[in-house]
Amino acid sequence: MRKLKLALILPLLFTAGCWDHLELEEQAFVVVVGLDKGPKNTVEVTFQIANPQKGSSDIGTAENEPPSDTVRFTSPDVLSAKDLANTVVTRTISFAHLKTMVVHEALARDEAFPHIAGAAIRDPELRREVALIVSREKAYDFIQKNRPRLETRPHKYFELMQQRWQETGYVPFSTLNQYLQQQVVDSMFLAIYATTDSKDYRVSRHEDNYLAGQVPKRSGDTVQMMGAAVFQNGCMIGTLTGQQMRWAQLLRHKSSISSFITSFTDPLDDRAMVTVRLFKNGRTKIQLNLAKEKPDIRVTMPLRAQILSFTSLQPYATDTEKQMLLERHLKEEIEKEVLGVIRMSQRKFQGDPFEWELIARKHFRTMPAFQAYGWSRHFKKANAEVNVDLRIENFGKQRTPYSEKVNGSD
Amino acid sequence: MNTSMQEKVGGREFTSIFLIAVGMKLSDITTTILFESGQTAGWMIPLLSLAFMLVAYVVLMSVLKRRAGQGLPEIVFTVGGKFGGGLICLLLFAAALLMTAVTSRGYVDIINVMVYQQSPLYALYLMLMAAAFYVASRGFAAIARVSWMLIFLIEGAIVLLVSIMWEDIDWMRLYPWAGPGVLEIVRTGFMHSAMFGEIILATALVPQVTTFKAFRIGSVVGFIVSSLKISFLMAVYLSVFDYPEIIHIAYPFQQLTKNTSFGRVFTHAESFFIGFWLIISVIYFAFYIYLLAYLFGHALRTDRYQKLLLPMAGLVVFIGLIPGNTEQVRSYWELLISYSTVLYGALPFVIWLLDWNWRRRHAKT
């Protein structure tokens with residue numbers, strides 16, 4: 001009897017994974033998916049497939065192979081392209097290591113885009129944590145031109161870029177999860193804006209007031225990621241520059257960035273600039289008064305500043321009066337810029353990219369009451385007031401500037 | 001009863017069975033269905049449902065207390081006679097059978113949709129139920145011991161899951177706190193109180209537990225902690241995915257595990273959680289198969305209910321394969337829950353009345 005039982009159970013060990021078995025050797029890992037608008041309601045899907053042999057110790061057998069291969073198909077949606085890809089690619093297409101989705105701006109602005117993205121997410125292999133990038137040129141061109149020189153393996157490039165995005169705040173940290181979430185609510189979704197096409201670059205006094213493609217850069221990799229694509233109800237409606245994006249990040253009650261470097265004009269010298277590192281000093285407080293037809297929005301933004309450099313070489317560090325002047329000036333400048341971003345989203349986008357919808361929700365008892373109120377409708381008309389709570393923390397490791405004479409009475 | 005002393009189960013093992021069997025609901029279709037009607041207040045529903053069920057439970061316990069050492073089937077046969085007792089037992093059995101079939105189908109669907117898409121449904125179903133049958137055939141004490149062994153690992157895994165996702169949680173998403181309105185929440189909570197119907201079914205197992213006190217504490221602690229757990233996890237789903245989006249997601253628990261990663265190296269941590277989840281589902285269904293065989297055996301007034309385990313497992317598979325697709329499973333579940341609510345809610349009062357009647361008659365004679 002015991003032997004019979006054993007004979008029945010043992011074969012089970014070998015049946016494991018009969019249907020869903022996967023051979024590691026037979027998989028092609030897609031690291032980037034690109035989406036372009038195709039003819040007749042189709043999408044052009046681009047797969048960048050990583051070559052796992054490149055950059056590994058197994059390089060000997062694959063010396064002449066490129067680090068990745070790019071293929072493009074025209075199909076009704078992303079998932080059907082997956083099987084279609086096997087007409088060309090020798091291995092089973094897998095999305096298990098997919099980290100990035102690049103969407104052409106024209107498709108993002110198209111009404112069909114929410115349908116395409118919503119349909120693609122049904123595949124369990126496609127994660128909601130995939131980063132969403134909007135490219136100014138065709139996604140295919142973007143992927144083709146993106147050949148980072150310092151990163152051989154394509155997945156590493158986006159993995160490291162993601163870390164930098166969270167630090168600099170030039171671009172929003174946008175995932176498919178957020179896109180789907182904010183498609184159905186009154187908040188607007190911000191996606192990473194990027195391009196490989198840097199033809200119309202301009203020079204601004206503020207080093208962060210650019211959109212992708214405008215950054216004055218002369219050599220290096222072609223890809224620029226700067227600013228944000230603004231989405232309303234799943235369709236792209238406009239862009240924010242890197243500077244506006246940073247303030248928008250700080251205006252959200254839960255932002256991923258904690259510090260960034262930026263510059264302002266010098267209060268004592270028009271030609272000079274002051275470069276500071278700003279830290280979030282606690283959460284941004286947003287108070288709403290929804291009782292009136294035109295709601296009041298009161299933003300309190302606590303910030304800490306480290307003065308990194310000032311080209312005017314004024315003795316800010318040692319002169320208390322000038323220090324106070326500088327502090328007041330920075331405060332006013334920031335308030336002006338932040339208010340500018342709020343006004344712009346009220347007028348240009350007619351919606352709220354700061355996720356204040358969540359704060360407005362707190363003022364209602366039931367969901368139907370909140371939905372009847374219509375937050376984006378009221379946000380457009382709201383009176384916004386910004387108060388920056390700025391504190392200068394230090395002046396760097398030099399106390400006095402070089403222009404000042406020792407014992408001078410300047 | 002002829003269950004020997006060695007086979008009896010202690011309080012902590014008994015508690016851990018419920019922590020697993022009831023706590024499991026946080027990972028299945030129960031949560032999504034509750035969000036649909038509960039909106040942003042969906043997380044309150046498990047607490048309300050349990051509160052309603054506890055009322056019925058207290059009434060039933062007042063009967064059980066007077067007949068210490070007897071389980072629900074013995075009591076209904078005493079107070080309801082052969083016919084009444086058999087009918088109540090069969091009703092409970094039928095409710096439990098259908099519930100087990102629909103729930104297990106729901107689990108197989110989850111495995112099919114989220115993990116093994118190319119495997120046929122019946123194969124997955126057979127494997128799950130075969131494993132559950134194997135555990136159940138070792139007896140109630142074995143199920144209890146395995147639960148006690150695994151309970152800390154399981155709760156640890158849940159704590160780990162929540163702490164990994166802590167960054168993505170935004171509690172502001174729980175507003176507006178009343179969801180569709182207080183009245184609607186209370187109504188849904190009441191309608192779905194059968195999701196804790198196990199607390200009534202569990203009273204059948206009184207003779208299997210060492211003392212009546214251990215049974216009472218075990219069941220109450222098990223159910224209250226489980227409902228708090230379900231409620232907390234539902235609040236976590238809501239604050240990660242946000243309200244209108246949560247109803248688009250078919251399986252929030254599995255979706256949540258898909259978003260986890262341990263640092264930058266182990267980016268696909270879901271296999272760790274899915275593995276755990278599969279082990280627990282086996283125990284969960286082992287408990288159910290055992291309970292089904294036990295109830296049916298008592299309805300037929302036989303002590304050889306162990307022989308019924310295999311037919312029960314088979315029956316669950318056959319019934320479970322009836323619904324055509326995942327959405328039908330959902331609607332059957334919804335239907336079943338509302339009918340079982342009536343059964344589990346009314347039965348304790350019926351038994352109490354029968355008992356009261358029995359005592360009056362016996363007091364006279």
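Author: Let's begin with one term: a residue is called buried if 20 or more other C-beta atoms lie within 10 Å of its own, exposed if 12 or fewer, and partly exposed in between, with C-beta atoms placed from the backbone. This is a predicted model, in which local features need pLDDT of at least 70 and side-chain atom pairs count only at pLDDT 80 or more, while totals for chains, interfaces and linings use all residues. Residues are numbered from 1 along each chain as its sequence is written, and chains are lettered from A and ligands numbered from 1 in the order in which they are written.

Reader: Thanks! Why is Leu251(A) called buried?

Author: Leu251(A) has 23 other C-beta atoms within 10 Å, and the cut-off is 20 or more, so the word applies. You will find Leu251(A) in helix 8 (residues 242-251) of chain A.

Reader: Which residues is Leu251(A) in contact with?

Author: Contact means that the C-beta atoms of two residues, placed from the backbone, lie within 7 Å. Leaving aside neighbours within four places in sequence, Leu251(A) meets that test with Thr284(A), Val299(A), Val338(A) and Phe354(A). As for Gly238(A), 13 residues apart from Leu251(A) along the chain, the two C-alpha atoms are separated by 18 Å.

Reader: What makes a stretch a helix or a strand, by definition?

Author: Both are DSSP runs, numbered from the N terminus: a helix is a run of H or I of at least four residues, and a strand a run of E of at least two. By that rule chain A has 12 helices and 14 strands, whereas chain B has 14 helices and zero strands.

Reader: Which residues of helix 4 of chain A are buried?

Author: In helix 4 (residues 113-120) of chain A, the list includes Phe113(A), Ile116(A), Ala117(A) and Ala120(A). What puts them on the same side of helix 4 of chain A is that they cover an arc of only 90 degrees around the axis, the arc being that of the directions from the helix axis to the C-beta atoms. The buried residues of this helix pack against several elements of chain A, among them strand 1 (27-37), strand 2 (43-50) and helix 2 (78-84).

Reader: Why is strand 6 of chain A described as mostly covered?

Author: Five of the five residues in strand 6 (residues 131-135) of chain A are buried. Ala131(A), Ile133(A) and Ser135(A) point one way, and Leu132(A) and Val134(A) the other way. In a regular strand the side chains alternate between the two faces of the sheet.

Reader: What makes two strands count as a pair, by definition?

Author: DSSP must find at least two bridges between them. Strand 5 (residues 100-104) and strand 6 of chain A are joined by five bridges and run parallel, so they pass that test. Val103(A) has Val134(A) as its bridge partner there. Strand 6 and strand 7 (residues 189-195) of chain A have three bridges, also in the parallel sense, and Ile133(A) is partnered by Ile192(A).

Reader: How do strand 8 and strand 9 of chain A run?

Author: They run antiparallel, joined by five bridges, one of which links Gln232(A) with Cys235(A). The two strands form a hairpin with two residues between them, and Asn233(A) in the turn has a positive phi of about 50 degrees.

Reader: What are the domains of chain A?

Author: Domain 1 is 24-240 and domain 2 is 255-410; such bounds come from an automatic or database domain assignment. Their centres, taken over C-alpha atoms, are 32 Å apart. The contact takes 18 residues from domain 1 of chain A and 15 from domain 2 of chain A.

Reader: How many residues of chain A are in contact with chain B?

Author: The contact involves 22 residues of chain A and 25 residues of chain B. Helix 7 (176-183), helix 10 (357-361) and helix 11 (367-373) of chain A each supply at least two residues of the side of chain A that touches chain B.
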